[in-house]
Amino acid sequence: LVLILVALSPALGLVLYSAHEQREQKTTEAERDVAALAQLVSSEEERLIEEGRALLMGLAMSWELQAAAPGDCTLLLTRVLANNPHYRNFGFVDEAGILQCSALPFRKGLDLSDRLYVQRAIERRGFSVGGYQVGRVTGEQSINFGYPVFGPGGRVEGVVYGALGLTALDPSARTEYR
C-alpha cells in the first residue's frame with residue numbers, strides 16, 4: 001500500500017498543481033472580464049450623461065422655455081420625450097423650484113425645490129446630476145439631470161430637467177435603444 005502511494009504521489013501532486021494553476025487562470029480571467037465590464041458600463045454612463053448635458057443645454061436655449069409659455073413648453077418637451085425613449089419625463093421648474101411645464105401631466109404648484117438636481121443647477125449655474133429618486137410626476141425610478149435656464153442679464157430663471165429611467169443604465173436593456 002505504501003509502495004502504491006509512493007508511486008502515485010508524483011501524479012497526484014501534478015493533478016493538484018494543475019488544478020491550482022487552472023483555478024488561478026480562471027480567477028485572473030474572471031477579474032479581467034469584470035474590469036472590462038465595469039469599464040464598458042462606466043463608458044456608457046459617461047455617454048448617457050454627456051448626451052443628457054447636450055440635450056438639456058439645447059432645451060435651455062430654446063425659445064419655448066425662454067418665453068416661459070406653458071403650452072409651447074409642454075409641446076416641446078412632449079416631442080423631446082417621444083424621441084428619447086430612455087427618459088421618463090422632461091420638465092421646467094422656475095427659480096423657486098415650482099414645476100411650470102412637463103412632457104407628462106402634473107399637479108399644478110408641484111414643488112421640486114428640494115430635488116438635488118434643481119438645487120445644484122441653480123447654485124452651480126451649470127449642468128447637474130441628481131441622485132436616485134422616484135419621480136413625483138412619473139412615479140418611476142430615475143436619475144435626473146438639470147440645466148439652468150438663463151434670462152436677461154444672466155439671471156437663472158429656472159431649471160430644465162430630464163428624468164433618465166434606470167433601465168438606460170442596465171447593460172442588457174440598453175440594446176433596445178441602439
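Modeller: Gladly! Let's begin with strand 1 (residues 87-94), which is mostly covered, since eight of its eight residues are buried. First, some ground rules: this is a predicted model, where local features need pLDDT of at least 70, side-chain atom pairs count only at pLDDT 80 or more, and totals for chains, interfaces and linings use all residues. Residues are numbered from 1 along each chain as its sequence is written, and side-chain values use heavy atoms, with hydrogens and water left out.

Biologist: Why is Arg 88 called buried?

Modeller: Buried means under 20% relative accessible area, exposed means over 50%, and partly exposed is in between (1.4 Å probe, protein chains only). Arg 88 has 18% relative accessibility, so Arg 88 counts as buried. Arg 88 lies in strand 1.

Biologist: What makes the link between Arg 88 and Glu 140 a polar contact?

Modeller: A polar contact is a pair of N or O atoms within 3.5 Å; within protein, one must be able to donate a hydrogen and the other to accept it, and residues adjacent in sequence count only if both atoms are side-chain atoms. The side chains of Arg 88 and Glu 140 make such a contact at 3.0 Å. A polar atom of the Arg 88 side chain also lies 3.1 Å from the backbone oxygen of Pro 85.

Biologist: How do you know that strand 1 and strand 5 pair?

Modeller: Two strands pair if DSSP finds at least two bridges between them. Strand 1 and strand 5 (residues 156-165) are joined by seven bridges and run antiparallel. Within this pairing, Asp 94 has Gly 158 as its bridge partner, and Gly 91 stands opposite Tyr 161.

Biologist: What does strand 1 do with strand 2?

Modeller: Strand 1 pairs with strand 2 (residues 99-102) in the antiparallel sense over three bridges, and Val 93 has Leu 99 as its bridge partner. The two strands form a hairpin with four residues between them, and Gly 97 in the turn has a positive phi of about 90°.

Biologist: What is the order of the strands in the open sheet?

Modeller: The five strands run in the order 2-1-5-4-3, with antiparallel pairing. Strand 2 and strand 3 (128-134) are the edge strands, as each pairs on one side only. Helix 4 packs on this sheet, touching strand 1, strand 3, strand 4 (141-150) and strand 5. Contact here means heavy atoms within 4.5 Å. The direction of helix 4 makes about 165° with that of strand 3; axes are lines fitted to C-alpha atoms, for helices over the stretch in contact, and angles run from 0 to 180 degrees between N-to-C directions.

Biologist: Why is the pair of Tyr 117 and Tyr 161 called tilted?

Modeller: Rings of Phe, Tyr and Trp (its six-membered ring) pair if their centres lie within 6.5 Å; planes under 30 degrees apart count as stacked, over 60 as edge-to-face and the rest as tilted. By this rule the count comes to three aromatic pairs. Tyr 117 and Tyr 161 are 5.4 Å centre to centre with 50° between the planes, a tilted pair. The pair links helix 4 (residues 116-124) to strand 5, 44 residues apart, and both Tyr 117 and Tyr 161 are buried.

Biologist: What makes a group of residues a nonpolar core?

Modeller: A nonpolar core is a set of buried Ala, Val, Leu, Ile, Met, Phe, Trp, Tyr and Cys residues joined through side-chain atoms within 4.5 Å. The largest has 23 residues, and Leu 65, Phe 90 and Val 160 are among those with the most contacts inside it. Helix 3 (70-82) supplies the largest share of this core, five residues. A second, separate core of nine residues includes Val 93, Leu 99, Val 159 and Tyr 161.

Biologist: Why does Arg 125 count as partly exposed?

Modeller: Arg 125 counts as partly exposed because its relative accessibility is 45%. Its place is in the loop between helix 4 and strand 3. Arg 125 also has a positive phi of about 55° although it is not a glycine. Most residues other than glycine have a negative phi.
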